[in-house]
Amino acid sequence: MHTGEDNHLVVDDIKKMPGSERWANTPIQQLHELEYIHQVDEEDKNEDADWLGISPSMDFVDGPATDYITGKDELLYNDKGESKLNSGTMAKFLIKEILDPVHHRERITIANE
């Protein structure tokens, strides 16, 4: 996911956060996985593989479901200027997407509305 006027990767910001060396490997590896999926899509043009990558907002916290907004490759902010996603909101989105798939072979971002 890109952010800022210079369009840098959010994972670069994560690496700079104090204490992130204990957990930053997870988003770093997820970026590698996304890059791999895109490479496979380009090389194989495999129409049988359907996948969805979901990137949460900058703050992914425990909480109840709310309405949500989605985007593509940008870090999302709601009307309050927050880049936040509750676990309940993520669950709400996932259940809806499983029951009625809308997104195919793409990565999206999600945030509380």
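A residue counts as buried when its relative accessible area is under 20%, as exposed when that area is over 50%, and as partly exposed in between (1.4 Å probe, protein chains only). The structure is a predicted model, so local features need pLDDT of at least 70 and side-chain atom pairs count only at pLDDT 80 or more, while totals for chains, interfaces and linings use all residues. Residues are numbered from 1 along each chain as its sequence is written, and side-chain values use heavy atoms, with hydrogens and water left out.

In general, side chains of opposite charge can pair when their charged atoms come close. Here a salt bridge means a side-chain nitrogen of Lys or Arg within 4 Å of a carboxyl oxygen of Asp or Glu, and the structure holds three of them. One joins Asp67 to Lys92, with 3.4 Å between the closest N and O atoms. This pair links distant parts of the chain, 25 residues apart: Asp67 sits in the loop between strand 4 (59–61) and strand 5, and Lys92 sits in helix 3.

Another bridge runs between Lys72 and Glu106, where the closest N and O atoms are 2.7 Å apart. Lys72 belongs to the loop between strand 5 and strand 6 and Glu106 to strand 7, so this pair ties together parts that are 34 residues apart in sequence. Lys72 is partly exposed, with a relative accessible area of 41%, whereas Glu106 is buried at 16%. There is also a bridge between the side chains of Asp12 and Lys15 (4.0 Å, N to O). Both of these residues lie in helix 1 (residues 10–16), three residues apart, which is about one turn of the helix. Asp12 has a relative accessible area of 30% and is partly exposed; Lys15 is partly exposed as well, at 47%.

Glu106 has another partner to look at. Its side chain makes a polar contact with the side chain of His103, at 3.0 Å. (A polar contact is a pair of N or O atoms within 3.5 Å; within protein, one must be able to donate a hydrogen and the other to accept it, and residues adjacent in sequence count only if both atoms are side-chain atoms.) His103 is found in the loop between helix 3 (87–99) and strand 7 (106–112), and it counts as buried because its relative accessibility is 17%. Leaving aside residues up to four places away in sequence, His103 touches Leu52, Phe93, Glu97 and Ile108, where contact means heavy atoms within 4.5 Å.

That loop between helix 3 and strand 7 also holds Arg105. Most residues other than glycine have a negative phi, and most peptide bonds are trans. Arg105 is not a glycine, yet its phi is positive, at about 50 degrees. At 24% relative accessibility, Arg105 is partly exposed.

Further along, Asn112 lies in strand 7 and is buried, at 6% relative accessibility. Its side chain reaches the backbone nitrogen of Asn86 at 3.2 Å. Beyond four places in sequence, the residues that Asn112 touches include Asp67, Tyr68, Leu85 and Thr89.

Next comes the nonpolar core, meaning a set of buried Ala, Val, Leu, Ile, Met, Phe, Trp, Tyr and Cys residues joined through side-chain atoms within 4.5 Å. The largest one has five residues: Leu85, Met90, Phe93, Ile108 and Ile110. Helix 3 and strand 7 are the elements that give two or more residues to this core. Phe93 touches, among others beyond four places in sequence, Leu52, Ile54, His103, Ile108 and Ile110.

The largest pocket contains about 720 Å³. Of the 25 residues lining this pocket, Pro27, Gln30, Ile54, Ser55 and Pro56 are the closest to its centre. (On a 1 Å grid over the protein atoms alone, a pocket is an open set of points where a 1.4 Å probe fits, with protein on both sides within 12 Å along at least five of seven lines; lining residues have an atom within 4 Å of a point. Points are joined across faces, edges and corners, and the volume is the space filled by probe spheres set on them.) Helix 2 gives the most to the lining, with seven residues.

Technical notes
Helices (H or I, at least four residues) and strands (E, at least two) are DSSP runs, numbered from the N terminus.
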